[in-house]
Amino acid sequence: MRIDADTPDAYLEALPDDRREALAAVRGTILENLPDGYDEAVRWGMISYEIPVERYPETYNGQPLSYAALAAQKRHMSLYLMGVYCDQSTREWFEGEAAGRGAKLDIGKACVRFKRLDDLPLDLVGEAIALIPVDEYVRIYEQSRRGD
């Protein structure tokens with residue numbers, strides 16, 4: 001499912017009601033927990049949470065450094081958590097917390113796929129989003145680019 005929108009609000013408005021409600025709830029959780037320095041935008045057909053190029057220009061592709069994203073796909077919705085993906089101990093924490101809360105997440109490399117809002121523990125999403133401040137995420141990104 002490709003949504004052509006310039007703003008997060010327009011992205012949500014383009015969705016069917018059930019998906020709009022689910023993604024709006026996840027978006028609200030993200031915005032409540034997003035550390036200072038990340039911006040919300042629409043990029044790559046998704047609602048993106050990123051470090052602006054003006055703050056950190058040394059990305060591999062010259063685009064803002066993506067921290068998280070939210071998307072409606074054809075058969076599911078996706079929450080991309082690059083902060084969880086890029087650090088093995090953080091990923092283990094996230095998966096362990098999900099299991100401990102009884103959540104059976106459909107997790108890919110960097111995304112959590114869900115069909116209904118009830119499939120996603122919003123409190124854990126908020127904790128994961130709040131976990132990594134901008135400067136720490138830049139440090140992790142730079143370390144990964146060096147191959148450390």
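Helices (H or I, at least four residues) and strands (E, at least two) are taken as DSSP runs and numbered from the N terminus. The model is a predicted one, in which local features need pLDDT of at least 70 and side-chain atom pairs count only at pLDDT 80 or more, while totals for chains, interfaces and linings use all residues. Residues are numbered from 1 along each chain as its sequence is written, and side-chain values use heavy atoms, with hydrogens and water left out.

The largest pocket holds about 390 Å³ of space. On a 1 Å grid over the protein atoms alone, a pocket is an open set of points where a 1.4 Å probe fits, with protein on both sides within 12 Å along at least five of seven lines; lining residues have an atom within 4 Å of a point. Grid points are joined across faces, edges and corners, and the volume is the space filled by probe spheres set on them. Of the 21 lining residues, Y60, L65, S66, M82 and Y137 lie nearest the centre of this pocket. Two or more lining residues come from each of β2 (46-51), β3 (65-72), α3 (82-85) and α6 (134-146). Helix α6 gives the largest share, five residues.

Strand β2 also pairs with β1 (residues 39-43), in the antiparallel sense and over five bridges; pairing requires that DSSP find at least two bridges between two strands. In this pair, E40 stands opposite Y49 of β2. The two strands form a hairpin with two residues between them, and W44 in the turn has a positive phi of about 60 degrees.
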